[in-house]
Amino acid sequence: FLDREDCARSVVYTFPHLTIQEFVAALAQFLIPQSGDILKLLTEAHSATDDRFGVFLRFVAGLSSPLSTWGLTEFLGPFPHQTICRVIDWVNEEVKRQAGNTWSDVGKRSFLNTLHYLFESHNPALAQKALESV
């Protein structure tokens, strides 16, 4: 799962595959509630123009769903309700914001990515609420 590299001053752990690293980074947002302002992190990650955080954001959205995390909660305990609510609120607001920004190819791509987050959330009520205005 992790590769260990001993350096002169410290130990560095690396992941054999980037997708595993992105999943663990997303999981950390739920397991370490003091990790900072998740709304700011999600907004900054989504604003990257090269989509380098796209998979990470999809994992975060997916981890907001009890359907996706039921197997993990057995080992890790329940995910913080406040973090889940913040992620759901962010996805909702981002869908509404991006829906009005589809006049360019970049805007269309960004909206499509946002719809991926909505899909990964596995939340029909959120999808209905977010897409009402579209």
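**A close look at the helix packing**

Tutor: H122 counts as partly exposed, because its relative accessibility is 36%, where buried means under 20% relative accessible area, exposed over 50% and partly exposed in between, computed with a 1.4 Å probe on protein chains only. This is a predicted model, in which local features need a pLDDT of at least 70 and side-chain atom pairs count only at pLDDT 80 or more, whereas totals for chains, interfaces and linings use all residues. Residues are numbered from 1 along each chain as its sequence is written, and side-chain values use heavy atoms, with hydrogens and water left out.

H122 sits in the loop between α6 and α7 (124-131), and although it is not a glycine, its phi is positive, at about 50°. D51 is likewise a non-glycine residue with a positive phi, of about 60°, and its place is the loop between α2 and α3; with a relative accessible area of 37%, D51 is partly exposed.

For the setting, the chain holds seven helices and two strands, the helices being DSSP runs of H or I with at least four residues and the strands runs of E with at least two, numbered from the N terminus. In sequence order the pattern is β-β-α-α-α-α-α-α-α. The C-alpha trace spans about 55 × 35 × 25 Å along its principal axes, and 31% of the 134 residues are buried. Of the contacts between residues at least 6 apart in sequence, 59% join residues at least 24 apart, where contact means heavy atoms within 4.5 Å.

The crossing of α2 past α5 is right-handed, in the sense that the near helix is turned clockwise from the far one by less than a right angle, anticlockwise being left-handed. On the α2 side, I38, L39, L42, T43 and H46 take part, and they meet T83, R86, V87, W90, E94, R97 and Q98 of α5. By class, the residues of this contact comprise five nonpolar, four polar and three charged, with Ala, Val, Leu, Ile, Met, Phe, Trp, Tyr, Cys and Pro taken as nonpolar, Asp, Glu, Lys and Arg as charged, and the others, Gly among them, as polar.

Helix α3 (residues 54-63) contains V60, which counts as buried because its relative accessibility is 1%. Beyond residues up to four places away in sequence, V60 touches A26, F30, L42 and V87. The C-alpha atoms of V60 and A26 are 5.0 Å apart, although the two residues are separated by 34 places in sequence. Across α3, seven of its 10 residues are buried, so that the helix is described as mostly covered, and the buried ones are G54, F56, L57, V60, A61, G62 and L63. Their cover includes α1 (18-31), α2, α4 (66-76), α5 and α6.

The space left between the elements brings in α6. The largest pocket has a volume of about 310 Å³, and of the 20 residues that line it, H46, A48, T49, V106 and S110 lie nearest its centre. The elements giving two or more residues to that lining are α2, α3, α5 and α6 (105-120), and α6 gives the most, with six residues. The lining has six nonpolar, nine polar and five charged residues. On a 1 Å grid over the protein atoms alone, a pocket is an open set of points where a 1.4 Å probe fits, with protein on both sides within 12 Å along at least five of seven lines, and lining residues have an atom within 4 Å of a point. Grid points are joined across faces, edges and corners, and the volume is the space filled by probe spheres set on the points.

S110, in helix α6, counts as buried because its relative accessibility is 17%. Apart from neighbours within four places in sequence, S110 is in contact with H46 and Q98, and both of these also belong to the contact of α2 with α5.
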